[in-house]
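Open the viewer and keep the sequence panel at hand.

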Amino acid sequence: MVGDNGHDDSLTARIASLEAEIVGLRKAVQTRTVIGQATGLISAVQGCTPQEGFQLLVRMSQHHNVKLHTIALKLLDLSTELGPRQAVRAVHASAEPVPEPADGHVAVPEWPGVEVVNAARGLVAAYDAAQYSGDDRPEVRRQLADQVESAGRLLAEKLTEVGWLVPDPG
């Protein structure tokens, strides 16, 4: 049937449907690539098969109640910040089952990597601000140096809290 604009309406609808399918397929390819990379990372770090790595990624996703590709992205992002072993350890450890308390409420631990990554980003931001401020006044330079030192201490505290840094005994 020809519509008011002189085009075949069924052809226009079919083209729109195919365009939507292409967009969906492109998204699926991108999603699968990220999931595959995260699965490979887990397999390499844990010394397991890709199938076991994928199952661990699925358990992490279910535990954190986020989509599989989202947890895969978070894992890959965290691995660039902390390294692959620490990233997998952080996400995996937080996905371990937690015993149910007597009151019946299930306690879900916070993913420790989030606070570490946020503290690391704070340190990078403070360092960048100090490096590129362009202000040579001594009081400003001292304030920026204090912010870097404070951000570094916070990162060390967060790394110690999750067991990735052994506290200095001295």
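**Stop 1: Ser43**

Select Ser43 and show its surroundings. Leaving out residues up to four places away in sequence, Ser43 touches Cys48, Thr49, Pro50 and Gly53. Ser43 itself sits in helix H1, which covers residues 9–46. Is Ser43 buried or exposed? Ser43 counts as buried, because its relative accessibility is 10% and the cut-off for buried is under 20%. Keep in mind throughout that this is a predicted model.

**Stop 2: the whole chain**

Zoom out and colour by secondary structure. The chain has six helices and zero strands. Along the sequence the pattern reads α-α-α-α-α-α. The chain exposes about 11500 Å². Carbon and sulfur atoms supply 56% of that area. What share of the residues counts as buried? Of the 170 residues, the share is 28%. Contacts across the sequence come next. Take the contacts with a separation of 6 or more: 51% of them join residues 24 or more positions apart.

**Stop 3: helices H2 and H3**

Select residues 50–64 for helix H2 and residues 68–82 for helix H3. Two packed helices are described by the angle between their axes and the distance between the axes. Here the angle is about 105 degrees, and the axes are 9 Å apart. H2 and H3 are therefore roughly perpendicular to each other, because angles of 65 to 115 degrees count as such.

Now show the side chains of the contact:

- From H2, pick Phe54, Leu57, Val58, Met60, Ser61 and His64.
- From H3, pick Leu68, Ile71, Ala72 and Leu75.

What kinds of residues make this contact? Eight are nonpolar and two are polar. No charged residue takes part in the contact of H2 with H3.

**Stop 4: Ser79**

Stay on helix H3 and select Ser79, which lies in that helix. Ser79 is buried, because its relative accessible area is 14%, against a cut-off of under 20%. Which residues does Ser79 contact, leaving aside its neighbours within four places in sequence? The partners are Leu41, Pro84 and Ala87. Display these side chains together with Ser79 to view the contacts.

**Stop 5**

Move on to Arg85. This residue belongs to helix H4, residues 84–94. Arg85 counts as exposed, because its relative accessible area is 53% and exposed means over 50%. How far apart are Arg85 and Val45 in sequence and in space? They are 40 residues apart in sequence and 5.8 Å apart in space.

**Stop 6: the salt bridges**

How many salt bridges does the structure hold? It holds three. Visit each in turn.

Begin with Asp135 and Arg137. Their closest N and O atoms are 2.6 Å apart. Arg137 is partly exposed, at 45% relative accessibility.

Next, select helix H6, residues 138–161. Pick out Arg142 and Asp146. Their side chains meet in a salt bridge of 2.5 Å, N to O. Why are the two about one helical turn apart? Because Arg142 and Asp146 are four residues apart in helix H6. Arg142 is partly exposed at 47% relative accessibility. Asp146 is partly exposed too, at 35%.

Continue along H6 to Glu149 and Arg153. This pair forms a salt bridge of 2.9 Å, N to O. Glu149 and Arg153 are also four residues apart in helix H6, about one turn. Glu149 is partly exposed, with 43% relative accessibility. Arg153 is partly exposed as well, with 45%.

**Stop 7**

Finish on helix H6 with Ala156, which lies in it. Is Ala156 buried, partly exposed or exposed? Ala156 counts as partly exposed, because its relative accessible area is 29%. Ala156 and Val116 are 8.8 Å apart in space. In sequence, 40 residues separate Ala156 and Val116.

Terms used. Residues numbered from 1 in each chain as written. Predicted model: local features only at pLDDT ≥ 70, side-chain atom pairs only at ≥ 80, totals over all residues. Heavy atoms only, no water. Buried < 20%, exposed > 50% of the residue type's maximum accessible area, 1.4 Å probe, protein only. Contact = heavy atoms within 4.5 Å. Areas by Shrake-Rupley, 256 points an atom, 1.4 Å probe, with all protein chains shown as cover. Salt bridge = Lys/Arg side-chain N within 4 Å of Asp/Glu carboxyl O. Axes fitted to C-alpha atoms, helices over the stretch in contact; angles between N-to-C directions. Parallel < 35°, antiparallel > 145°, perpendicular 65-115°, else oblique. Nonpolar A, V, L, I, M, F, W, Y, C, P; charged D, E, K, R; others polar.
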